Amino acid sequence: MKKKLLASLLTAAMVLSLAACGGKSEEAPANTPSETTEGGSEQAEQETPAAGETIELSVWTANELHNQMFEFGEKAYNEKHPDNPVKLNIETYPNTEMANKLLIALQSGTGAPDIADININYFTNFTKGQIDLVPLNDLVEREIDNCVASRFDLYKKGDDYYGIPTHVGATCVYWNMNIVEEAGFSIDDINAIKTWDEYKEMGIQILEKTGKPMTIFEVADQRPFWPLIVQAGGDYLTADNEVVMDSAENVKVLEWMKDFFDTGAVVPCPGGATGMEEFWTWLNGGGCASLTMPAWYMSRFTNYMPDLKGRVAITPMPVFEEGQPRTVGIGGTGTAITTQCKNVEIAKEVLYESKMTYEANVNIWEVLQFDPVRTDVWSDEKLLEPMEYFYNQSFFEIMKDYVVDAPSPSNPDLATAAQDLVKNTVMYNVFVAGSETPEEALKNAAEELRAQQ
């Protein structure tokens with residue numbers, strides 16, 4: 001049995017290492033075994049802390065910015081429990097490395113943290129076969145009526161919730177007003193754009209007048225394709241894991257993108273993806289007029305693109321057809337508690353204080369500039385204040401009417417594989433190699449997914 005377990009873990013490590021070598025963006029998923037049925041740990045025996053004892057909890061994150069969220073929760077918890085305070089030992093790893101490390105630790109039954117941030121692109125790898133995460137239904141049920149429920153569904157398997165979301169990820173359009181104004185347009189002009197065809201026409205004019213492209217398409221990741229298909233009623237998979245990658249909605253969106261790309265007003269994303277330093281440098285230097293990305297990308301602007309301060313405006317997404325949502329929730333990190341945790345109830349309360357209270361959600365906005373999942377904080381004066389970096393606009397004054405009903409993509413068992421195919425094959429073949437038409441690329445990807453069912 002030990003030999004069999006060792007062989008299983010070595011195989012998993014080899015496959016995951018290959019995935020890490022091929023990762024191209026900050027959210028690139030790891031390719032992992034489709035089932036986790038052996039080596040999974042059972043719930044650890046729970047400890048009862050002595051009076052006055054400090055409880056140490058280990059936390060793994062994949063973004064050092066998230067550490068501030070847990071530090072807030074640690075302080076809030078300790079203020080309420082001075083007799084048994086917690087001490088969080090936070091470790092930060094690159095996304096793919098952390099996903100690999102966590103999966104192997106859970107499969108082996110040892111070495112996992114108490115609490116782990118798991119990127120949405122990896123999450124379904126941890127909910128297959130034996131699940132080594134603790135159900136969090138009691139936490140979710142306490143607050144879900146105050147939140148955007150669809151964001152919790154991303155981390156749900158069957159009747160159980162295994163992750164607590166960090167943000168809505170409401171997608172919007174960021175505009176470089178230097179380029180917009182150079183082309184003779186104003187903030188009123190971009191606010192007047194209601195359809196993607198109007199956006200496309202403005203992009204062609206901006207290219208003609210400034211020589212700058214309107215936007216980029218990721219060719220080693222999946223934006224803006226992913227939010228556009230969700231907005232149009234498409235997806236890679238249904239909630240029941242049915243493959244719909246080659247749906248009419250998806251083909252129509254990708255064909256629209258290809259037509260726009262062929263005008264020259266769109267260029268491939270420098271570095272392949274918007275999470276790459278090469279892209280940040282290019283965008284900071286005035287690379288393009290606009291960018292369609294989720295709200296969480298605001299922190300990338302403020303941290304990595306200082307030269308654009310005060311010159312980036314925000315608008316909701318245009319639509320293809322009237323009645324479609326003006327934003328969709330994209331991306332995300334589900335924070336989980338592993339079954340190796342020996343203080344589950346305490347870990348739950350720390351997680352609650354870090355991500356679920358009213359105060360925690362205000363903090364998430366203030367320190368991370370992520371749009372929080374609690375809807376009751378959106379009218380808080382701290383969230384409505386104008387943002388100096390973003391053209392002195394208020395994100396929630398602009399977006400709050402659209403965020404509450406923002407749909408999110410489904411996240412069933414094949415979600416990671418589906419995203420891999422779009423990132424590594426579909427986008428490249430359509431926009432770089434030109435080896436497949438949009439319909440061909442999506443059909444081939446869909447057939448490959450169906451072969452995995």
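How many helices and strands does the protein chain have? I looked this up before anything else, keeping in mind that the model is predicted. The secondary structure comes to 19 helices and eleven strands. I then checked the radius of gyration: it is 22 Å, close to the 22 Å that the globule rule gives for 453 residues, so the chain is as compact as a globular protein of that length.

**Entry: the whole chain**

I read off the span of the C-alpha trace along its principal axes, and got about 70 × 50 × 35 Å. Of the 453 residues, 58% are buried. I also looked at contacts with a separation of 6 or more, and 78% of them are between residues 24 or more positions apart. The accessible surface is about 17,700 Å², and carbon and sulfur atoms hold 48% of that. For charges, I found 33 positive and 70 negative side chains. The centres of those two sets lie 3 Å apart.

**Entry: strand 11**

Next I picked strand 11, which covers residues 333-337. Is it buried or exposed? Five of its five residues are buried, so the strand is largely enclosed by the rest of the structure. I recalled that side chains in a regular strand alternate between the two faces of the sheet. Here, Thr333, Thr335 and Ile337 point one way, while Gly334 and Ala336 point the other way. Both sets are buried.

Which way does strand 3 run against strand 11? The two are antiparallel, and five bridges join them. Strand 3 takes in residues 115-119.

**Entry: threonine 333**

I stayed with threonine 333, a residue of strand 11. Its relative accessible area is 11%, and I needed the cut-off here: buried means under 20%, so threonine 333 counts as buried. What does it touch beyond its neighbours within four places in sequence? My list of contacts includes Asp117, Ile118 and Asn119, as well as His66, Tyr155 and Lys355. Ile164, Pro165 and Thr166 are also among them.

**Entry: helix 15**

Last, I turned to helix 15, residues 358-368. Which of its residues are buried? I wrote down Ala360, Asn361, Val362, Asn363, Ile364, Trp365 and Leu368. These buried residues pack against helix 2 (67-80), helix 13 (298-304), helix 14 (344-355), helix 16 (381-384) and helix 17 (395-403). I also looked just past the end of helix 15, where glutamine 369 takes a positive phi of about 55°.

Notes
Residues numbered from 1 in each chain as written. Predicted model: local features only at pLDDT ≥ 70, side-chain atom pairs only at ≥ 80, totals over all residues. Heavy atoms only, no water. Helix = DSSP H or I, 4+ residues; strand = E, 2+ residues; numbered from the N terminus. Rg over C-alpha atoms; globule rule 2.2 N^0.38 Å. Buried < 20%, exposed > 50% of the residue type's maximum accessible area, 1.4 Å probe, protein only. Contact = heavy atoms within 4.5 Å. Areas by Shrake-Rupley, 256 points an atom, 1.4 Å probe, with all protein chains shown as cover. Lys, Arg positive; Asp, Glu negative; His and termini not counted. Charge placed at Lys NZ, Arg CZ, Asp CG, Glu CD. Pairing = 2+ DSSP bridges.
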